[in-house]
Amino acid sequence: MEAHGSGFRRVLVLAFCVAGIWSAYIYQGVLQETLSTKRFGPDGKRFEHLAFLNLAQNVICLIWSYIMIKLWSTRAGGAPWWTYWSAGITNTIGPAMGIEALKYISYPAQVLAKSSKMIPVMFMGTLVYGIRYTLPEYLCTFLVAGGVSMFALMKTSSKTISKLAHPNAPLGYGLCFLNLAFDGFTNATQDSITARFPKTSAWDIMLGMNLWGTIYNMVYMFGWPQGSGFGAIQFCKEHPEAAWDIFYYCLCGAVGQNFIFLTISRFGSLANTTITTTRKFVSIVVSSLLSGNPLSTKQWGCVIMVFSGLSYQIYLKWRKLQRLQKKRKTT
(Lines give C-alpha, C1' and ligand atoms only; values in the text may rest on other atoms or scores of the structure.)
Protein backbone atom coordinates (compact mmCIF):
# COMPACT_ATOMS: atom_id res chain seq x y z
CA MET A 1 0.00 0.00 0.00
CA GLU A 2 2.88 2.34 0.89
CA ALA A 3 4.58 1.61 -2.45
CA HIS A 4 1.31 2.38 -4.23
CA GLY A 5 1.05 5.72 -2.41
CA SER A 6 4.65 6.54 -3.25
CA GLY A 7 4.03 5.74 -6.93
CA PHE A 8 0.91 7.90 -6.96
CA ARG A 9 2.84 10.81 -5.45
CA ARG A 10 5.50 10.39 -8.12
CA VAL A 11 2.83 10.56 -10.85
CA LEU A 12 1.39 13.70 -9.26
CA VAL A 13 4.84 15.34 -9.17
CA LEU A 14 5.40 14.43 -12.83
CA ALA A 15 1.99 15.86 -13.77
CA PHE A 16 2.88 19.01 -11.82
CA CYS A 17 6.16 19.32 -13.76
CA VAL A 18 4.43 18.80 -17.12
CA ALA A 19 1.78 21.40 -16.28
CA GLY A 20 4.45 23.84 -15.09
CA ILE A 21 6.73 23.51 -18.14
CA TRP A 22 3.86 23.57 -20.62
CA SER A 23 2.03 26.55 -19.09
CA ALA A 24 5.20 28.64 -18.52
CA TYR A 25 6.78 28.12 -21.94
CA ILE A 26 3.60 28.04 -24.04
CA TYR A 27 2.51 31.34 -22.51
CA GLN A 28 6.03 32.70 -22.98
CA GLY A 29 5.80 31.73 -26.66
CA VAL A 30 2.47 33.57 -26.97
CA LEU A 31 4.03 36.67 -25.40
CA GLN A 32 7.11 36.41 -27.62
CA GLU A 33 4.94 36.24 -30.72
CA THR A 34 2.79 39.11 -29.45
CA LEU A 35 5.81 41.35 -28.88
CA SER A 36 7.21 40.60 -32.32
CA THR A 37 4.01 41.07 -34.34
CA LYS A 38 1.61 43.32 -32.39
CA ARG A 39 1.14 47.02 -33.09
CA PHE A 40 0.90 48.91 -29.79
CA GLY A 41 -1.07 52.04 -28.98
CA PRO A 42 -3.07 54.39 -31.21
CA ASP A 43 0.07 55.10 -33.27
CA GLY A 44 0.30 51.39 -34.19
CA LYS A 45 4.03 51.09 -33.47
CA ARG A 46 5.85 47.76 -33.41
CA PHE A 47 8.30 46.80 -30.67
CA GLU A 48 11.43 46.65 -32.82
CA HIS A 49 13.91 46.13 -29.96
CA LEU A 50 13.47 42.34 -29.59
CA ALA A 51 17.06 41.88 -28.34
CA PHE A 52 15.97 43.80 -25.23
CA LEU A 53 13.96 40.71 -24.24
CA ASN A 54 17.25 38.88 -23.60
CA LEU A 55 18.52 41.61 -21.28
CA ALA A 56 15.24 41.69 -19.37
CA GLN A 57 15.27 37.86 -19.16
CA ASN A 58 18.87 37.92 -17.88
CA VAL A 59 18.06 40.42 -15.14
CA ILE A 60 14.94 38.58 -13.92
CA CYS A 61 16.67 35.17 -13.98
CA LEU A 62 19.75 36.62 -12.24
CA ILE A 63 17.62 37.93 -9.38
CA TRP A 64 15.55 34.71 -9.31
CA SER A 65 18.59 32.39 -9.17
CA TYR A 66 20.23 34.52 -6.44
CA ILE A 67 17.07 34.24 -4.31
CA MET A 68 16.86 30.46 -4.93
CA ILE A 69 20.51 29.98 -3.93
CA LYS A 70 19.96 31.92 -0.70
CA LEU A 71 16.77 30.01 0.09
CA TRP A 72 17.55 26.43 -0.97
CA SER A 73 21.20 25.86 -1.85
CA THR A 74 23.30 24.21 0.88
CA ARG A 75 26.26 23.14 -1.26
CA ALA A 76 29.48 25.12 -1.45
CA GLY A 77 32.44 24.78 -3.79
CA GLY A 78 30.66 25.44 -7.09
CA ALA A 79 32.29 27.00 -10.15
CA PRO A 80 33.53 30.60 -9.65
CA TRP A 81 31.38 33.24 -11.34
CA TRP A 82 34.16 34.27 -13.74
CA THR A 83 34.33 30.79 -15.35
CA TYR A 84 31.09 31.50 -17.25
CA TRP A 85 32.46 34.45 -19.25
CA SER A 86 32.91 32.55 -22.55
CA ALA A 87 29.61 30.64 -22.34
CA GLY A 88 28.00 33.96 -21.44
CA ILE A 89 29.09 35.43 -24.79
CA THR A 90 27.49 32.68 -26.88
CA ASN A 91 24.47 32.55 -24.57
CA THR A 92 24.00 36.26 -25.23
CA ILE A 93 24.43 36.16 -29.01
CA GLY A 94 22.55 32.88 -29.70
CA PRO A 95 19.16 33.65 -28.10
CA ALA A 96 19.31 37.21 -29.48
CA MET A 97 19.51 35.73 -32.99
CA GLY A 98 16.62 33.37 -32.26
CA ILE A 99 14.38 36.20 -31.09
CA GLU A 100 15.49 38.50 -33.91
CA ALA A 101 14.42 35.79 -36.39
CA LEU A 102 10.78 36.53 -35.48
CA LYS A 103 11.03 39.73 -37.50
CA TYR A 104 11.55 37.62 -40.63
CA ILE A 105 9.70 34.30 -40.13
CA SER A 106 6.58 33.19 -38.25
CA TYR A 107 6.65 31.76 -34.73
CA PRO A 108 5.76 28.18 -35.86
CA ALA A 109 8.62 28.33 -38.40
CA GLN A 110 11.03 29.52 -35.70
CA VAL A 111 9.97 26.72 -33.31
CA LEU A 112 10.44 24.10 -36.03
CA ALA A 113 13.86 25.44 -37.04
CA LYS A 114 15.05 25.53 -33.41
CA SER A 115 13.81 21.96 -32.90
CA SER A 116 16.46 20.68 -35.31
CA LYS A 117 19.36 20.99 -32.87
CA MET A 118 20.43 17.40 -33.61
CA ILE A 119 21.44 18.35 -37.17
CA PRO A 120 24.42 20.60 -36.33
CA VAL A 121 25.34 18.29 -33.42
CA MET A 122 25.57 15.22 -35.70
CA PHE A 123 27.20 17.20 -38.49
CA MET A 124 29.94 18.54 -36.21
CA GLY A 125 30.29 15.16 -34.48
CA THR A 126 30.92 13.43 -37.81
CA LEU A 127 33.06 16.15 -39.37
CA VAL A 128 35.21 17.18 -36.39
CA TYR A 129 35.29 14.14 -34.08
CA GLY A 130 34.71 11.30 -36.56
CA ILE A 131 31.74 9.94 -34.60
CA ARG A 132 29.74 7.23 -36.35
CA TYR A 133 26.00 7.25 -35.81
CA THR A 134 23.53 4.39 -36.23
CA LEU A 135 21.03 4.11 -39.08
CA PRO A 136 18.03 4.95 -36.80
CA GLU A 137 19.86 8.12 -35.67
CA TYR A 138 20.37 9.16 -39.29
CA LEU A 139 16.67 8.42 -39.92
CA CYS A 140 15.71 10.81 -37.09
CA THR A 141 17.92 13.50 -38.60
CA PHE A 142 16.46 12.92 -42.07
CA LEU A 143 12.90 13.30 -40.77
CA VAL A 144 13.71 16.50 -38.88
CA ALA A 145 15.88 18.05 -41.61
CA GLY A 146 13.41 17.06 -44.33
CA GLY A 147 10.42 18.41 -42.42
CA VAL A 148 12.10 21.75 -41.64
CA SER A 149 13.40 22.12 -45.21
CA MET A 150 10.03 21.42 -46.84
CA PHE A 151 8.26 23.74 -44.39
CA ALA A 152 10.74 26.51 -45.25
CA LEU A 153 10.24 26.04 -49.00
CA MET A 154 6.44 26.09 -48.83
CA LYS A 155 4.55 29.32 -49.41
CA THR A 156 3.56 31.13 -46.21
CA SER A 157 0.02 32.52 -46.04
CA SER A 158 -0.39 36.22 -46.81
CA LYS A 159 -2.08 36.69 -43.42
CA THR A 160 1.02 35.43 -41.61
CA ILE A 161 3.40 37.46 -43.80
CA SER A 162 1.42 40.65 -43.13
CA LYS A 163 2.17 40.32 -39.40
CA LEU A 164 5.94 40.12 -39.84
CA ALA A 165 8.03 43.27 -39.44
CA HIS A 166 10.44 42.43 -42.29
CA PRO A 167 9.50 39.15 -44.09
CA ASN A 168 12.70 37.40 -45.18
CA ALA A 169 12.69 33.60 -44.85
CA PRO A 170 16.39 32.92 -45.71
CA LEU A 171 17.57 35.47 -43.13
CA GLY A 172 15.12 34.21 -40.49
CA TYR A 173 16.10 30.56 -40.87
CA GLY A 174 19.77 31.54 -41.05
CA LEU A 175 19.49 33.32 -37.69
CA CYS A 176 17.77 30.27 -36.17
CA PHE A 177 20.55 27.91 -37.26
CA LEU A 178 23.23 30.32 -36.00
CA ASN A 179 21.32 30.32 -32.73
CA LEU A 180 21.60 26.51 -32.62
CA ALA A 181 25.34 26.67 -33.35
CA PHE A 182 25.94 29.11 -30.50
CA ASP A 183 23.72 27.03 -28.20
CA GLY A 184 25.88 24.00 -28.97
CA PHE A 185 29.01 25.83 -27.79
CA THR A 186 27.17 27.11 -24.70
CA ASN A 187 26.04 23.59 -23.73
CA ALA A 188 29.52 22.14 -24.28
CA THR A 189 31.09 24.87 -22.11
CA GLN A 190 28.54 24.32 -19.35
CA ASP A 191 29.28 20.58 -19.40
CA SER A 192 33.00 21.36 -19.14
CA ILE A 193 32.40 23.65 -16.14
CA THR A 194 30.28 21.08 -14.28
CA ALA A 195 32.91 18.40 -15.00
CA ARG A 196 35.66 20.58 -13.49
CA PHE A 197 33.50 21.71 -10.56
CA PRO A 198 31.18 18.76 -9.69
CA LYS A 199 29.56 20.62 -6.78
CA THR A 200 28.11 23.23 -9.14
CA SER A 201 24.31 23.33 -8.84
CA ALA A 202 21.76 24.27 -11.51
CA TRP A 203 21.17 27.55 -9.65
CA ASP A 204 24.92 28.31 -9.74
CA ILE A 205 24.91 27.86 -13.53
CA MET A 206 21.78 29.99 -13.89
CA LEU A 207 23.36 32.75 -11.77
CA GLY A 208 26.71 32.71 -13.59
CA MET A 209 25.22 32.61 -17.09
CA ASN A 210 22.73 35.39 -16.42
CA LEU A 211 25.30 37.54 -14.64
CA TRP A 212 27.53 37.59 -17.73
CA GLY A 213 24.50 37.88 -20.01
CA THR A 214 23.39 40.96 -18.09
CA ILE A 215 26.88 42.51 -18.33
CA TYR A 216 27.25 41.87 -22.08
CA ASN A 217 23.73 42.99 -22.93
CA MET A 218 24.03 46.13 -20.80
CA VAL A 219 27.22 47.09 -22.63
CA TYR A 220 25.68 46.31 -26.03
CA MET A 221 22.36 48.08 -25.41
CA PHE A 222 23.45 51.03 -23.22
CA GLY A 223 27.19 51.34 -23.93
CA TRP A 224 26.81 54.27 -26.33
CA PRO A 225 24.28 57.09 -26.85
CA GLN A 226 22.62 55.36 -29.83
CA GLY A 227 22.27 52.01 -28.01
CA SER A 228 18.99 50.24 -28.72
CA GLY A 229 18.27 49.84 -25.01
CA PHE A 230 17.33 53.52 -24.73
CA GLY A 231 14.77 53.10 -27.52
CA ALA A 232 13.33 50.02 -25.78
CA ILE A 233 12.95 51.87 -22.48
CA GLN A 234 11.30 54.82 -24.23
CA PHE A 235 8.90 52.48 -26.06
CA CYS A 236 7.90 50.84 -22.76
CA LYS A 237 7.26 54.24 -21.20
CA GLU A 238 5.00 55.20 -24.10
CA HIS A 239 3.33 51.77 -24.23
CA PRO A 240 3.02 50.28 -20.70
CA GLU A 241 1.20 47.27 -22.16
CA ALA A 242 4.43 46.21 -23.87
CA ALA A 243 6.36 46.65 -20.60
CA TRP A 244 3.96 44.27 -18.82
CA ASP A 245 4.23 41.73 -21.67
CA ILE A 246 8.04 41.84 -21.31
CA PHE A 247 7.82 41.36 -17.54
CA TYR A 248 5.47 38.37 -17.86
CA TYR A 249 7.69 36.95 -20.63
CA CYS A 250 10.70 37.03 -18.30
CA LEU A 251 8.75 35.66 -15.35
CA CYS A 252 7.59 32.70 -17.46
CA GLY A 253 11.22 31.94 -18.33
CA ALA A 254 12.30 31.99 -14.68
CA VAL A 255 9.36 29.84 -13.52
CA GLY A 256 9.89 27.43 -16.42
CA GLN A 257 13.53 26.96 -15.38
CA ASN A 258 12.31 25.93 -11.92
CA PHE A 259 10.14 23.18 -13.35
CA ILE A 260 12.92 22.01 -15.69
CA PHE A 261 15.35 21.67 -12.76
CA LEU A 262 12.70 19.83 -10.72
CA THR A 263 11.96 17.44 -13.62
CA ILE A 264 15.63 16.63 -14.24
CA SER A 265 16.36 16.10 -10.52
CA ARG A 266 13.32 13.81 -9.99
CA PHE A 267 12.89 12.04 -13.33
CA GLY A 268 16.07 12.58 -15.39
CA SER A 269 16.97 14.50 -18.54
CA LEU A 270 15.09 12.08 -20.84
CA ALA A 271 11.76 12.89 -19.20
CA ASN A 272 12.57 16.58 -19.48
CA THR A 273 13.40 16.22 -23.18
CA THR A 274 10.09 14.44 -23.80
CA ILE A 275 8.10 17.14 -22.00
CA THR A 276 9.85 20.05 -23.74
CA THR A 277 9.55 18.39 -27.17
CA THR A 278 5.80 17.87 -26.81
CA ARG A 279 5.54 21.43 -25.50
CA LYS A 280 7.02 22.76 -28.75
CA PHE A 281 4.40 20.89 -30.76
CA VAL A 282 1.61 22.27 -28.58
CA SER A 283 3.12 25.77 -28.96
CA ILE A 284 2.73 25.51 -32.74
CA VAL A 285 -0.88 24.38 -32.35
CA VAL A 286 -1.61 27.25 -29.93
CA SER A 287 0.05 29.76 -32.27
CA SER A 288 -2.01 28.50 -35.19
CA LEU A 289 -5.28 28.70 -33.24
CA LEU A 290 -4.83 31.82 -31.11
CA SER A 291 -2.46 34.02 -33.08
CA GLY A 292 -3.99 33.54 -36.50
CA ASN A 293 -1.02 31.78 -38.13
CA PRO A 294 -2.89 29.36 -40.40
CA LEU A 295 -0.90 26.36 -41.61
CA SER A 296 -1.78 24.46 -44.76
CA THR A 297 -2.31 20.68 -44.76
CA LYS A 298 1.16 20.22 -46.28
CA GLN A 299 2.73 22.42 -43.61
CA TRP A 300 1.04 20.38 -40.88
CA GLY A 301 2.50 17.31 -42.58
CA CYS A 302 5.97 18.86 -42.21
CA VAL A 303 5.31 19.64 -38.54
CA ILE A 304 4.27 16.01 -37.90
CA MET A 305 7.34 14.80 -39.83
CA VAL A 306 9.68 16.86 -37.62
CA PHE A 307 8.08 15.77 -34.36
CA SER A 308 7.98 12.13 -35.51
CA GLY A 309 11.76 12.34 -35.89
CA LEU A 310 12.13 13.96 -32.47
CA SER A 311 9.82 11.38 -30.87
CA TYR A 312 11.78 8.52 -32.45
CA GLN A 313 15.00 10.07 -31.11
CA ILE A 314 13.50 10.12 -27.59
CA TYR A 315 12.49 6.46 -28.00
CA LEU A 316 16.06 5.54 -29.03
CA LYS A 317 17.45 7.34 -25.96
CA TRP A 318 14.95 5.53 -23.73
CA ARG A 319 15.90 2.15 -25.22
CA LYS A 320 19.60 2.91 -24.72
CA LEU A 321 18.93 3.87 -21.11
CA GLN A 322 17.03 0.61 -20.53
CA ARG A 323 19.97 -1.42 -21.88
CA LEU A 324 22.42 0.42 -19.60
CA GLN A 325 20.22 -0.23 -16.57
CA LYS A 326 20.02 -3.95 -17.40
CA LYS A 327 23.83 -4.15 -17.70
CA ARG A 328 24.24 -2.49 -14.29
CA LYS A 329 21.85 -5.02 -12.73
CA THR A 330 23.72 -8.00 -14.17
CA THR A 331 27.17 -6.77 -13.07
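E48 sits in the loop between β2 (45-46) and α2 (52-72), and K103 in the loop between α3 (85-100) and α4 (107-114), so the bridge ties together parts that are 55 residues apart in sequence. Keep in mind throughout that this is a predicted model.

Colour the pair by accessibility. E48 is partly exposed, because its relative accessibility is 30%. K103 is buried, with a relative accessible area of 10%; the cut-off for buried is under 20%.

With E48, E100 and K103 all shown, you are looking at one network, joined by salt bridges that share partners.

How many salt bridges does the structure hold? There are three. For another of them, select E241 and K38, whose side chains meet at 2.1 Å, N to O. This pair links distant parts of the chain: E241 belongs to helix α11 (residues 240-267), while K38 is in the loop between α1 (2-37) and β1 (39-40), 203 residues away. Is E241 buried or partly exposed? E241 has a relative accessibility of 41% and therefore counts as partly exposed. K38 is partly exposed as well, with a relative accessible area of 28%.

Next, the helices. Two packed helices are described by the angle between their axes and the distance between those axes.

Show α3 together with helix α8 (residues 169-196). Their axes come within 8 Å and cross at roughly 155 degrees. Why is α3 called roughly antiparallel to α8? The crossing angle puts α3 in that class, because angles over 145 degrees count as roughly antiparallel. The crossing of α3 and α8 is left-handed.

Now show the side chains where α3 and α8 meet. On α3, select S86, A87, T90, N91, I93, G94, P95, M97, G98 and E100. On α8, select L175, L178, N179, F182, D183, F185, T186 and T189. The residues of this contact divide into eight nonpolar, eight polar and two charged.

Move to helix α10 (residues 228-238) and α11. Here the axes are 5 Å apart and the helices pack at an angle of about 115 degrees. That makes α10 roughly perpendicular to α11. To see the contact, select F235, C236, K237 and E238 of α10, then P240, A242, A243 and I246 of α11. Six of the contact residues are nonpolar, none are polar and two are charged. Helix α11 is also where E241, the partner of K38, is found.

For the last stop, select P80, in the loop between α2 and α3. P80 has a relative accessible area of 24% and is partly exposed.

Key
Residues numbered from 1 in each chain as written. Predicted model: local features only at pLDDT ≥ 70, side-chain atom pairs only at ≥ 80, totals over all residues. Heavy atoms only, no water. Salt bridge = Lys/Arg side-chain N within 4 Å of Asp/Glu carboxyl O. Helix = DSSP H or I, 4+ residues; strand = E, 2+ residues; numbered from the N terminus. Buried < 20%, exposed > 50% of the residue type's maximum accessible area, 1.4 Å probe, protein only. Axes fitted to C-alpha atoms, helices over the stretch in contact; angles between N-to-C directions. Parallel < 35°, antiparallel > 145°, perpendicular 65-115°, else oblique. Left-handed = near helix turned anticlockwise from the far one by under 90°. Contact = heavy atoms within 4.5 Å. Nonpolar A, V, L, I, M, F, W, Y, C, P; charged D, E, K, R; others polar.
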